[in-house]
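Good morning, and thank you for coming.

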Amino acid sequence: METLPLTEPVLLILLSLAGQAQHGYAILKDVEAMSNGRVVLSTGTLYGALRRLLEDDWIERFEEEESPRGRQAYRLTPQGRRNLQLEIQRMKHITRLASLRVARQES
Amino acid sequence: MIAWYRKLLCLYPAEYRKRFSEEMLAVLFQEREENAKRRLKNRARVVVRETAGLLRGALNEHFRMITEIHEQLSFVTGRFAMRNGFRFPKSTIVFMALILGGVLTAIKMGEDIATSVPHDIGPIAPIHIQPVHSILLGGMPLFFAFFYAAGLIGWAILFALRRSGVHRLDSMSVEQK
């Protein structure tokens with residue numbers, strides 16, 4: 001079960017699906033690109049995370065229409081999008097707080 | 001390489017394989033195609049990463065499956081309606097400690113009586129008294145640790161031989177009443 005705060009790989013997977021629906025390999029490449037090559041997921045790790053997100057109803061799987069052999073793709077559910085927004089809010093708060101504290105220490 | 005990955009995917013639980021294995025193989029196939037142009041060192045790195053990921057994933061899925069089944073079993077009524085808490089309540093630990101204390105006290109009292117009896121009475125007097133309780137207290141943790149380790153090794157062997165019964169949990173379903 002996924003809980004907030006999210007781990008970095010899960011956050012990047014959700015961000016990858018926030019813009020558009022993607023299939024497995026596209027998610028792998030997108031996560032790698034978003035993190036500038038810092039987070040490189042293996043297929044086993046990616047599908048473990050996708051399975052958990054599917055079970056928690058954060059994402060859903062569907063068959064891509066214009067794809068060979070009925071390839072499966074993933075997209076965010078309304079609940080997944082809500083949770084992603086909550087996580088972004090939390091991170092914004094932390095970033096703001098950190099900036100304030102660090103600035104106060106430096107001045 | 002795909003044959004290797006296919007073998008590794010066999011380590012996943014049946015339900016998971018049915019749902020994701022084709023898709024995972026398609027991803028691995030795409031990755032192999034892309035890596036074919038790279039250097040041998042990079043290709044080897046990808047293979048190691050994917051192998052480790054699949055092994056870890058299979059282990060996680062089996063662990064999840066076992067823990068989920070245990071959770072389900074604890075809530076159904078009837079034959080499997082036993083929770084861990086009922087099988088070994090915390091009060092048992094208190095009672096066991098009391099019994100151990102009683103046994104040690106009895107040994108100590110026996111020792112005191114034996115040493116208070118004069119040695120020259122003959123066959124009634126003990127020849128040599130060992131401080132039994134100290135040996136018992138020192139030896140018991142070792143004794144339990146030894147049998148616990150032996151049990152773990154035995155279970156690991158049964159698991160490797162697929163005789164532990166865990167593998168049969170794949171096809172097991174529990175209906176809640």
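Predicted model: local features only at pLDDT ≥ 70, side-chain atom pairs only at ≥ 80, totals over all residues.

Residues are numbered from 1 along each chain as its sequence is written, while chains are lettered from A and ligands numbered from 1 in the order in which they are written.

Let us begin with chain A. It has four helices and two strands, in the order α-α-α-β-β-α from the N terminus. Helices (H or I, at least four residues) and strands (E, at least two) are DSSP runs, numbered from the N terminus. Of the 107 residues in chain A, 26% are buried; a residue is buried if 20 or more other C-beta atoms lie within 10 Å of its own, exposed if 12 or fewer, and partly exposed in between, with C-beta atoms placed from the backbone.

How many residues of chain B are in contact with chain A? There are 14, and they meet eleven residues of chain A; contact requires C-beta atoms, placed from the backbone, within 7 Å. On the chain B side, helix H2 (14-35) and helix H3 (40-75) each supply at least two residues. The largest share, eight residues, comes from H3(B).

I turn now to H2(B). This helix has a kink of about 55° centred on Phe20(B), where the bend is the angle between axes fitted to the seven residues ending there and the seven starting there. Phe20(B) is also one of the buried residues of H2(B), which include Tyr16(B) and Met24(B).

Next comes the largest nonpolar core, with 29 residues. Such a core is a set of buried Ala, Val, Leu, Ile, Met, Phe, Trp, Tyr and Cys residues joined through C-beta atoms within 7 Å. Ile13(A), Leu46(A), Leu50(A) and Ile59(A) have the most contacts inside it. Leaving aside neighbours within four places in sequence, Leu50(A) is in contact with Ile59(A) and Tyr74(A).

Finally, two loop residues. Asn36(A), in the loop between H2 and H3 of chain A, has a positive phi of about 55° although it is not a glycine. Asn36(A) is exposed, with 7 other C-beta atoms within 10 Å. Asp57(A) has a positive phi near 65° and lies in the loop between H3 and strand S1 (59-63) of chain A. Asp57(A) is likewise exposed, with 11 other C-beta atoms within 10 Å.

Technical notes. Contact = placed C-beta atoms within 7 Å.
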